[in-house]
Amino acid sequence: MTVADCVARAGHHVLGTPSVVRLLEEAASAAVAPLLGPGQDSVGSTVDIVHLRPTVLGQLVTATAVVVEIDRRRITTTVEAFDDVERIAHGRHDRFVVDDASFGTRLDQKAARAGDAPGRVPR
């Protein structure tokens with residue numbers, strides 16, 4: 001965790017909720033990865049998170065995810081995050097399985113409509 005992941009509250013840098021969501025989404029992505037076939041990836045779709053407790057800059061944070069349901073292309077996970085003192089967040093996160101090639105084509109088309117917006121990475 002860095003200062004960029006934090007917000008200032010009560011004289012401390014504390015882990016911000018958007019950063020907690022990012023950590024939980026990364027954990028869910030890693031939990032889903034073994035279920036994907038060649039040429040597939042997953043994208044986040046639904047996030048339902050409760051951020052319970054603050055975490056002060058310098059604490060260790062661990063996020064975990066468990067796959068609890070697979071419904072065609074939708075994979076639901078339960079997620080939790082702990083700092084080195086207590087549980088700081090929990091919830092559910094859905095990810096959808098996408099085909100890399102067709103998803104990339106849709107992104108190319110959208111970028112073209114948006115004037116080839118910055119953010120494109122070489123493939």
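Okay, let's start with a pair of strands: β4 and β5 run antiparallel to each other and are joined over ten bridges. Before I go on, keep in mind that this is a predicted model. Within that pair, if you look for I70, you'll find I75 of β5 standing opposite.

Now zoom out a bit. Those two strands belong to an open sheet of four, in the order β3-β6-β5-β4, with antiparallel pairing. Which strands sit at the edges? That would be β3 and β4, each pairing on one side only. On average, neighbouring strands here are turned by 25° against each other, if you ignore direction.

On to the helices. α1 lies across β3, β4, β5 and β6, and runs at about 55° to β4. Then there's α2, residues 100–113, which also packs on the sheet; α2 touches β3 and β6, and its direction makes about 95° with that of β6.

Let me stay with α1 for a minute. This helix has 16 residues and reaches 22 Å from its first C-alpha to its last, close to the 22 Å expected at 1.5 Å a residue. Which of its residues are buried? S19, V20, L24, A27, A28 and V32. In general, an α-helix has 3.6 residues a turn, so residues three or four places apart point the same way. And what do the buried residues of α1 pack against? β2, which is 12–15, plus β3, β4, β5 and β6.

That takes us to the largest nonpolar core. Ten residues make it up: L15, V20, L24, A27, A28, A65, V79, A81, I88 and A89. α1, β5 and β6 are the elements that give two or more residues each, and α1 has the largest share, with four.

Not counting residues up to four places away in sequence, I88 touches quite a list, including L15, V50, L52, P54, T55, V61 and A81.

T55 is my last stop. You'll find T55 in the loop between β3 and β4. Is T55 buried or exposed? T55 counts as buried, because its relative accessibility is 0%. Its side chain makes a polar contact of 3.1 Å with the side chain of D83. Leaving out residues up to four places away in sequence, T55 also touches M1, H13, V14, L15, V61 and I88.

That's my tour, thanks!

Key:
Residues numbered from 1 in each chain as written. Predicted model: local features only at pLDDT ≥ 70, side-chain atom pairs only at ≥ 80, totals over all residues. Heavy atoms only, no water. Core = buried A, V, L, I, M, F, W, Y, C linked by side-chain atoms within 4.5 Å. Buried < 20%, exposed > 50% of the residue type's maximum accessible area, 1.4 Å probe, protein only. Contact = heavy atoms within 4.5 Å. Polar contact = N/O pair within 3.5 Å; in protein donor to acceptor, adjacent residues only side chain to side chain. Pairing = 2+ DSSP bridges. Axes fitted to C-alpha atoms, helices over the stretch in contact; angles between N-to-C directions. Expected span 1.5 Å × (residues − 1).
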